Amino acid sequence: MARTVIPFGPQHPVLPEPLHLTLTVEDEIVKEAIPKLGYVHRGLEKLAEIRDHTQMIQIVERVCGICSTLHAMCYCQGIEALMNVEVPPRAKFLRVIWAEMHRMHSHLLWLGLFADAFGFESLFMQFWRIRERIMDLQEATSGNRVIVSVNCVGGVKRDIDAEMEKWILDTMKIVEREVLQLKSTIMDDFTVKRRTVGIGVLSKEKAYEMGAAGPTLRASGIAQDMRQTGYAAYSELNFEPVVETDGDCYARTVCRFNEVFQAIDLIREAFAKLPQSELAVKAKGLPNGEVVSRVEQPRGECLYYLKGTGSKYLDRVRIRTPTFANIPPLLEMLPGCDLADVPVLILTIDPCISCTER
Amino acid sequence: MKDCVVVINEENTPELTPDRIITQTRILKDEGFRFVTMSSTDLGDRICVLYHLDKDLQLINLKVEVPKGTKIPSICSVYASAVLIENEIKEHFGVEFDGLSLDFQGMLYLDEEVQKTPFCKIGINRV
Amino acid sequence: MFMTKNVLKNLMTKYATRLYPFKKRETFKDVKGELKIEMEKCILCGVCKMRCPSQSIAVDKQAKSWGVDPFSCVYCGICVDACPVKCLYQEGLYRTPLAEKDQVLHFQEAKSEEPAPAP
């Protein structure tokens, strides 16, 4: 049969993100996929030239709503290295707590969207209802639901008191119970398995070679997680990356599902070890030099390259987000799959096009 | 702490000439390094391109400095995933890459009507 | 048959969602909501204007006025932290949507509060 070219996106009923793919199909089997970006390109990196280095925290938070605190954390980490600031221990632990809450709400959001992608609307509602509890925690602890603007150069801005701690730990218990209730629905359901098992297989070697990041990489059997490097307080916490070996859509779902529980455990452990100290130290001087800073976002490894020239303004802020790294593996997975599986496949890399284009 | 924050200085970042970049990345790939990304900065009349590679969370940076608007060899033949970022640098900084496996012709993010490279301090004309 | 238990349970329990216009959620303490000012305390130093990442604050020493464009404010709370006399504060409620853009402008003397026409 003759080849047909199908434009997929940027507006598509199942795709929440403005990603365009030009798919060449033959008998409903995808043969080739070419991406086109640029629908939400905002040039945030360029803003570094007219906003000083403390105002950039608020700007990098808005690169992506879902992983906002991790963007700010990565940026602050880099600036702190340039200015030789040692963050107080309590601030390190609080950063971990907010980061893990972010990871939980991002993964629950993704699990809901994923259920929605193959038409399981009620499961979508269930996941988002659980997510709402975490959004409430974020609003109560930091003042905002999504853009948790708590990081500053030298520490954090807000504290979590004992009353709030008890509330968070109680909510973690409820969330754990409720997510466990949904486990059999998403893991053992016949329909879900037919849509995910064995589809979009990314082999271990290919995932590594194409530079995949985050759950996409770990679901292919490579235990690489930036949290192993022990930034913030992760070096003092008991941490093992979640790894799956199959490399298909199902493995990526299981990987993210298990990371929700890992995040709950990390929050509990962080509260148990939370030390008493001041929240932030005053950062003196101006950033001078070049630094590369990396953190693990819900979607994968995020890299910041910062260059300061000793003035108030940074010379260059370069942001490499996990979705940018995950697009080449996606293009590797797409050829050979059914046209009907394309939305499911795209969603399993957890795309965030706002991140990718900045 | 392993390699979550790396301050770049002369010791840990070797500077290469553009023609050596393919050989050097191929050596590193054979050692098992993964391509992370590339960064670029405007240095006035020159562009600095940094290659970030990592293995077991150890980050290695390679530095290449070229005058504005020149051509450097693409590493697509070594790391296929570099194609997106090389297209991005081509659009934003006007560095031409020789041997791109998928060339967006400067239209990955931007449109035809954009005349100058937007991320340079003094933009140069786009081809 | 195996669903009977669930059906009965769902009939007996309350709504999963809030009946919104009639029942509103209480806001949490220290929520970063609408930006307000106690104009009599303000010294018109302009620190908030300099620190604002979205450049939405305008301070005029001559006219003794302080203004904010609520449509470009990102509710980050930097100005509240930076204010040397602590005259800025954020209220728990967010602004309600409006059909047209407007600006909030406060004057220090005589005229206490007066919305200015959109620029």
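Colleague: Ground rules before we go on?
Modeller: This is a predicted model, where local features need pLDDT of at least 70 and side-chain atom pairs count only at pLDDT 80 or more, while totals for chains, interfaces and linings use all residues. Residues are numbered from 1 along each chain as its sequence is written, chains are lettered from A and ligands numbered from 1 in the order in which they are written, and side-chain values use heavy atoms, with hydrogens and water left out.

Colleague: Which chains have the most contacts between them?
Modeller: Chains A and B, among the two pairs of chains that touch. On the A side 44 residues take part, against 48 residues of chain B.

Colleague: How much area is buried between chain A and chain B?
Modeller: About 3,800 Å², with carbon and sulfur atoms giving 58%. Buried area is the accessible area (1.4 Å probe) that two parts lose on being put together, summed over both.

Colleague: How many salt bridges across chain A and chain B?
Modeller: The rule finds five, where a salt bridge is a side-chain nitrogen of Lys or Arg within 4 Å of a carboxyl oxygen of Asp or Glu. One of them joins B:D54 to A:R294, at 3.0 Å from N to O.

Colleague: And which strand of chain A gives the most to the side that touches chain B?
Modeller: Strand 6 of chain A, with five residues. Helices (H or I, at least four residues) and strands (E, at least two) are DSSP runs, numbered from the N terminus. By class, that side of chain A has 17 nonpolar, 11 polar and 16 charged residues; Ala, Val, Leu, Ile, Met, Phe, Trp, Tyr, Cys and Pro count as nonpolar, Asp, Glu, Lys and Arg as charged, and the others, Gly among them, as polar.

Colleague: What does strand 6 of chain A pair with in chain B?
Modeller: Strand 1 of chain B (residues 5–8), antiparallel, over four bridges. Two strands pair if DSSP finds at least two bridges between them. A:S293 stands opposite B:V5 there.

Colleague: Switching topic: what order do the strands take in the open sheet of chain A?
Modeller: The order is 1-2-3, three strands with antiparallel pairing. Strand 1 (4–8) and strand 3 of chain A are at the edges with a single partner strand each, so one side of each has no neighbour in the sheet. Strand 2 (residues 20–26) is joined to strand 3 of chain A by seven bridges, and A:H20 has A:K36 as its bridge partner.

Colleague: Back to interfaces. How many residues of chain C are in contact with chain A?
Modeller: 18 residues of chain C, meeting 15 residues of chain A. The buried area is about 1,500 Å², 41% of it from carbon and sulfur atoms. C:F28, C:K32 and C:P53 supply 36% of the area that chain C buries against chain A, more than any other three residues.

Colleague: How many salt bridges across chain C and chain A?
Modeller: Two. A:D136 and C:R25 form a salt bridge at 2.9 Å, N to O.

Colleague: And over all chains, how many salt bridges?
Modeller: 38. Within chain A, A:E100 and A:R227 form one, with the closest N and O atoms 3.4 Å apart. That pair links distant parts of the chain, 127 residues apart.

Key. Contact = heavy atoms within 4.5 Å.
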